[in-house]
Amino acid sequence: MIHRRQFLQSTSLAILAPHIFTQTQQTTIPPTFNPISLEERKQRIAKAQTLLVKNKMRALILDAGTSMEYFTGVKWYPSERSLLAIIPDKGELSFICPSFEEDRFKEINVLSQQIRTWEEHENPFAMTIQLLKDQGIRSGKLAIEERTRFFIFDGLRKAGTTFQLVSGDPISIPCRIIKSPAEIALMQRANDITVEAIKAGMASLHEGMTPAEVSAKIAQVHRNQGAVHDFALVNMGVATSYPHGSNKPQILKQGDVVLMDVGCVVGGYSADITRTMVFGKPTDKQRKIWDLEKKSQAAGFAAAQLGRPCEEVDQASRKVLEDAGFGPGYRLPGLPHRTGHGIGMNGHEWGNMVKGNKDPLQVGMCFSIEPTIVIPGEFGIRLEDCVYMTQDGPRWFSQPSPSIDELFK
């Protein structure tokens, strides 16, 4: 997964408008610095504990990072001095914290008073194992969240010889892949801001401009709107045929295809939108490929139905392109990557729309639909919008472009 967010960027929220999660349920998020409520954090921990029992695991151990923030609200830089969160199969959440960081940690920790501190010469992993034993957990499976760094895994393995260390995916993924109404509302706000930022980027275009200049304009709009700027990948001309850009110098000229892949973060939740336009008058070929891309994206959306496998979104989008003579599969010219990725606190999360993913689509799942068409040596067209699943099927976070001449309604 790609990680583009700068960890220590500050977050400030604009007032969040109410957003419809289903046709019968409206969610309003108050304008606070951390809009995920304490009660929702507790519900997440309770769900994790239910999954721990179901999977016969005794505890979930979290390194500093996205999952720790998801469950506990604690956002902490992952330094070599380990801060760990321990969610037992029953009982209270606990933390292992560097001793000299305790006061700072207490300022942001609102969920648990169960904190054990370790001095510089002490072993935090042995302390973690002892804490578990003190809670009556002396053996069994310890679930390790997937982003946990190896030195922590290795330290726990050496200290906890009576335990079996296993993947925490059966716990963290089912929790994080299903978004609550509060999470959906934050993502909607992030998408709304990203739309405005792309519009500003488009309006700023002029001959001789560089991608960096456009990116800077987009970033400023993000910040002005109260979001954390995440990324603004801008490519021009032949560089648009590289799905994640080219390092070669680019100077905008008439007739260039311009691709803007943009995202920001609001309240810890991400947006990801791509628009592709032509600077000047599109050629017949550019217009034809753009229209095919729109048709492919629409097919993916139509296939995103509750209970159907995720891979069917990819199959439907790809079939449109293959029927038009592109591909097959990942072959170029055509679509060289999956049709979509999951999105949430991270820009790329579980729930990919890709061949082989048989997981059924469920209410609360969020993902992109972005079937790029790449023509090597010429240009690429990508239209990317994200959706969330409701009881009534998929809903767009950002409305797809009507035409190459009207990227936003």
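**Ground rules.** I number residues from 1 along each chain as its sequence is written. The model is predicted, so local features need pLDDT of at least 70 and side-chain atom pairs pLDDT 80 or more, while totals for chains, interfaces and linings use all residues; side-chain values use heavy atoms, with hydrogens and water left out.

**Sheet.** I took helices (H or I, at least four residues) and strands (E, at least two) as DSSP runs, numbered from the N terminus. Strands count as paired if DSSP finds at least two bridges between them. I found an open sheet of six strands, in the order β6-β5-β4-β3-β7-β8, with mixed pairing. At its edges lie β6 (115-118) and β8 (163-167), each pairing on one side only. From one strand to the next, the twist averages 25°.

I then looked up β3 (residues 59-63) and β4 (residues 84-88). They run antiparallel, joined by five bridges. L60 has I87 in β4 as its bridge partner.

**Helices on the sheet.** Angles run from 0 to 180 degrees between N-to-C directions, with axes fitted to C-alpha atoms, for helices over the stretch in contact. Contact means heavy atoms within 4.5 Å. Helix α1 (residues 38-54) lies across β3, β4 and β7 (140-144), at about 60° to β4. Helix α5 (residues 150-159) lies across β3, β4, β7 and β8, at about 155° to β8.

**Helix α10.** Just after α10, G325 takes a positive phi of about 100°.
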